[in-house]
Amino acid sequence: MKKIVVVGATGKLGTEVVEGLEADYEVIRASRSGPDLKIDAFDFESVSDVFSSIGSFDGLVSCIGTAPFKPFDELSMEDFASGLSTKCLSQLNLAKAAIPFLTENGSITLTSGIIGDEPILGGAVAAAANGALNMCVSVLAAEYAGKLRINIVSPSIIENSVEHYGMLFDGFEPTSKESIIQAYRRTISAPISGRVLCQTRSL
Ligand SMILES: NC(=O)c1ccc[n+]([C@@H]2O[C@H](COP(=O)([O-])OP(=O)(O)OC[C@H]3O[C@@H](n4cnc5c(N)ncnc54)[C@H](OP(=O)(O)O)[C@@H]3O)[C@@H](O)[C@H]2O)c1
C-alpha cells in the first residue's frame, strides 16, 4: 500500500481528503496537533526532521493555509506577508522538505483555491497567495520531471464550509466531497505534473 502524508488532515478539507484515501492508501494524518504526526509547516528544519522520522513515503498532500479576508483599505502589509506565508510559503516549505524522502515518481499535492481565478470582495490576500502557488507549480514540475510529480488542487468553497464563510462565496457552486476526493486521488495516481486542477467555476 502506498504511504501518503496528509498535512492539515484535521481541517475541513483535510478530513474529507483523508476519508477518500483511507481505503486504498496508508494515510499518515499530520498537523500541528497530529493525530498521527505532529508537524509545523512553517519551520523547515523541524519539517525535515519530522519527515525523516517516518522514512520514505509515496505522496505528500497539503491541506493547510489561511489568509485574512478584509477590504484592501483595511489590509496592512503585515496581513499580506502573513497570508502569503501561511497559505503559500508554508506549503512550498512542506514540498521542499518532502522531496528527499519521496519515492521515485512520488507525488506532491498542494492546495490553492478558486479565489486565485475568480474575485471575491475582501479576498486580495488569498488571491495573491493562490495565484503565486498556481503560477509556480509548472516550474517545479519541470525541475523535477522524471523524478516526482507536483500538482495543485484548487477547490471552490467546499460544501462543508459554506456555513463558515457566510455570504462571501454567494453565487459560487460549492465543491462536493466526491469531487474533492477524486481530484486529490488523481494527483496521487495519474501521470500528470505541473497541473492546477481547478474544480468548479463561479456561476
Ligand atoms: N474550506 C474551504 O472551503 C476551502 C476552499 C478552497 C480552498 N481551501 C483551502 O484548503 C486549505 C485548508 O482549508 P480548511 O478550510 O480545511 O482549513 P482548516 O479547517 O482551518 O484546517 C487547517 C488544517 O491545517 C492544519 N494546520 C494549520 N496550520 C498548520 C501548520 N503551520 N502546520 C501544519 N498543519 C497546520 C490544522 O491543524 P492544526 O491546527 O492542528 O495544525 C488543520 O488540520 C487552505 O489552503 C484553504 O485556503 C479551503
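Let me start with Pro-35, which sits in the loop between strand 2 (26-31) and strand 3 (37-38). Helices (H or I, at least four residues) and strands (E, at least two) are DSSP runs, numbered from the N terminus. The peptide bond joining Gly-34 and Pro-35 is cis, with omega about 15°. This is a predicted model: local features need pLDDT of at least 70, side-chain atom pairs count only at pLDDT 80 or more, and totals for chains, interfaces and linings use all residues. Residues are numbered from 1 along each chain as its sequence is written.

The phi of Asn-105 is near 60°, a positive value in a residue other than glycine. Asn-105 belongs to strand 5. Asn-105 has 13 C-beta neighbours inside 10 Å, so Asn-105 counts as partly exposed. On the cut-offs: a residue is buried if 20 or more other C-beta atoms lie within 10 Å of its own, exposed if 12 or fewer, and partly exposed in between, with C-beta atoms placed from the backbone. As background, most residues other than glycine have a negative phi, and most peptide bonds are trans.

Now the ligand. The ligand is surrounded by 26 residues, and the closest are Gly-8, Gly-11, Arg-32, Gly-65 and Gly-113. Helix 1 (12-21) and helix 3 (77-98) are the elements that give two or more residues to that shell. A residue is near a molecule if its C-beta atom, placed from the backbone, lies within 6 Å of it. Helix 1 supplies the largest share of the shell, 3 residues. By class, the shell splits into 11 nonpolar, 11 polar and 4 charged residues. Here Ala, Val, Leu, Ile, Met, Phe, Trp, Tyr, Cys and Pro count as nonpolar, Asp, Glu, Lys and Arg as charged, and the others, Gly among them, as polar.

One of those closest residues is Gly-113. Where is Gly-113 found? Gly-113 is in the loop between strand 5 (102-111) and helix 4 (124-143). Gly-113 counts as buried because 28 C-beta neighbours lie inside 10 Å. Not counting residues up to four places away in sequence, Gly-113 touches Ala-126, Asn-130, Ser-154 and Pro-155. Two residues are in contact if their C-beta atoms, placed from the backbone, lie within 7 Å.

Back to helix 1. Its buried residues are Leu-13, Gly-14, Glu-16, Val-17, Val-18 and Leu-21. The buried residues of helix 1 pack against strand 1 (3-7), strand 2, strand 4 (57-62), strand 5 and helix 6.

Next, the helix pairs. Two packed helices are described by the angle between their axes and the distance between the axes. Axes are lines fitted to C-alpha atoms, for helices over the stretch in contact, and angles run from 0 to 180 degrees between N-to-C directions.

The axes of helix 1 and helix 6 (residues 177-189) come within 9 Å and cross at roughly 70°. That makes helix 1 roughly perpendicular to helix 6. Angles under 35 degrees count as roughly parallel, over 145 as roughly antiparallel, 65 to 115 as roughly perpendicular and the rest as oblique. On the helix 1 side the residues are Leu-13, Glu-16, Val-17, Gly-20 and Leu-21, and they meet Lys-177, Ile-180, Ile-181, Tyr-184 and Arg-185 in helix 6. That contact divides into 6 nonpolar, 1 polar and 3 charged residues.

Helix 3 and helix 4 pack at an angle of about 30°, with their axes 9 Å apart. Helix 3 is therefore roughly parallel to helix 4. Their contact involves Asp-79, Phe-80, Gly-83, Leu-84, Lys-87, Cys-88 and Gln-91 of helix 3, with Val-125, Ala-126, Ala-128, Ala-129, Ala-132 and Leu-133 of helix 4. The classes are 9 nonpolar, 2 polar and 2 charged.

The axes of helix 2 (residues 44-54) and helix 3 come within 9 Å and cross at roughly 45°. Helix 2 and helix 3 are therefore oblique to each other. Phe-44, Val-47, Ser-48 and Phe-51 of helix 2 make the contact with Asn-93, Leu-94, Ala-97 and Ala-98 of helix 3. This contact has 6 nonpolar, 2 polar and no charged residues.

Last, Thr-200, in the segment after strand 7 (196-198). Is Thr-200 buried or partly exposed? Thr-200 is partly exposed, with 17 other C-beta atoms within 10 Å. Thr-200 and Ser-156 are 44 residues apart in sequence and 5.8 Å apart in space, C-alpha to C-alpha.
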